[in-house]
Amino acid sequence: MSNLYVARNPRVAARSLDGDMMIMSGQDSTLFTLNKTATILWQAADGATPLEQIVQRRICAEFEVEPGEALRDAETLARDLASHGILEISEEPIIREGAK
Amino acid sequence: MSNLLVEMTEKALARNIPLSVQLDLTYRCNERCVHCYLDHDDHGEMTTAEIKHLLDEMANAGVFILTLSGGEIFLRKDFFEILEYARLERQFCVKLKTNAIMIREREAARIRDIGVESIQISVYSHRPEMHDAITLVPGSLKRSLQAARFLRSQGLRVIIANVLMVQNLQDYPGVRALAEEMGVECTLDPTITPMMDGDRSVLKLGVNQDALRQVFRDQALVGDVDEFCAVAAPADDNALAALPCSAGHTTCYVSPYGDVFPCVQFPLPTGNVRTQRFLDIWRHSDRMNEVRSIRMKDLPTCSSCSHVGNCTRCPGLAFMEGNMRGPSSQDCEKSFARTGIPSANMLAKKSSPANLVQIQIGPMQPPIPMSGAIA
């Protein structure tokens, strides 16, 4: 059972280019584009919603995929995005002062 | 440019998205650089609320890279409020252009916390007596370099921009050495931009043909000199179908007064965001669409020039010479300095007297003041 929370890193730059999400890392200015699944994860990563809930409500609703497998893939993806400084992950809700 | 950025730029081009915008926050400045083409008086800058509204519109239009420049951006009391909004609320990739003399440790730390892609700082010489003689502000080099060190110590990417002029021609190796010692990047630009009222007297500060030739043969600058100075292959259909540059295609410029232009160096007014939506100007301005329609094959002189395949021709400088489809003489000089082969424009001028034309600003605005920052 995953109890991960994910939040968009406020230091990255991001823009949807007609459906393609462009992300520039705040760590080293590396540019990334996110695929559809990663874009859904990025957009839903508010720091307050558990990853498991994001997978159930957003990813499983969009793709025909078994929930357990989807969650494992989402965790791997979240950790990968976190390694590039795009997402932050925590086992506690991620709350920022002044966050909207 | 990274492959991914090339790919995204191509997508933006295909979808008519303004991927990159330079927004000048003010034309006021605390330096008085001898080559600057700006009117430094404030003729009614956009308010904080107007700028935030514009940032909302630009984000919705798909703008990703936002360059904040001026004038001196730190003269705006709301600068950090604007920067925070752009970065943290609208998630732009922000680049700053500044002389940096108002940046101390506290400001550097705040910029790091907000997160910017880069900070470009104008440095004209490694020698205070030369730099300060160009900015006309005693002590300005010391303060700019101190700021650059504060910014570097915060892990930020700093780029020293060195404009090459008659006065500081001999100093660029010193500036490059200084940049290397500081661990920052360095760019060199020999382009001097005319004043926006058409006054071209400032161009006398530009380096001459002999000096350009020497600079273009400096291996430390250009790498493989033979390759850099090679004559372009004859233009094929692809080269003639190419866009003259990104101005009006994936980039544009907005002045502190809300005027929108194809580029900071292309003073063709296309609309004003105080009375029109940014995206409407971008998509529907007749002038923007005219700029957009031009291909290399449409340039009467340049399309037949031997340099057309690798010329750095700036459509904005051509416009300031009187014709956006005409040659840009400064770029003709650069091509000649590189290759020793005169451009079609230079050959044509030899056979007819020079005809300097003062630029005509359209009916939308009086003469347009523009940014002092030169890329």
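Why is strand β4 (residues 118–122) of chain B largely enclosed by the rest of the structure?

A: Keep in mind that this is a predicted model. Four of the five residues of strand β4 of chain B are buried, so the strand is largely enclosed by the rest of the structure. Burial here takes 20 or more other C-beta atoms within 10 Å of a residue's own.

Now for what sits alongside. Strand β3 (residues 93–98) of chain B runs parallel to β4(B), and four bridges join the two. One pairing to look at is B:Lys97, whose bridge partner in β4(B) is B:Gln120. To get from β3(B) to β4(B), the chain passes through helix α4 (residues 105–114) of chain B, and this β-α-β crossover is right-handed.

There's also strand β5 (residues 158–163) of chain B, parallel to β4(B) and joined to it by four bridges. Here B:Ile119 stands opposite B:Val158 in β5(B).

Stepping back to the nonpolar packing, the largest nonpolar core has 116 residues. Among those with the most contacts inside it are B:Val94, B:Phe92, B:Leu66 and, from the other chain, A:Leu41 and A:Ala74. If you follow B:Leu66 and leave aside its neighbours within four places in sequence, its contacts include B:Phe92, B:Cys93 and B:Val94, along with B:Val21, B:Leu23 and B:Ala86. A second, separate core has seven residues, including B:Met296 and B:Cys305.

Note on methods: Residues numbered from 1 in each chain as written. Chains lettered and ligands numbered in written order. Predicted model: local features only at pLDDT ≥ 70, side-chain atom pairs only at ≥ 80, totals over all residues. Core = buried A, V, L, I, M, F, W, Y, C linked by C-beta atoms within 7 Å. Buried ≥ 20, exposed ≤ 12 C-beta atoms within 10 Å, placed from the backbone. Contact = placed C-beta atoms within 7 Å. Pairing = 2+ DSSP bridges. Right-handed = clockwise from strand over helix to strand, strands pointing away.
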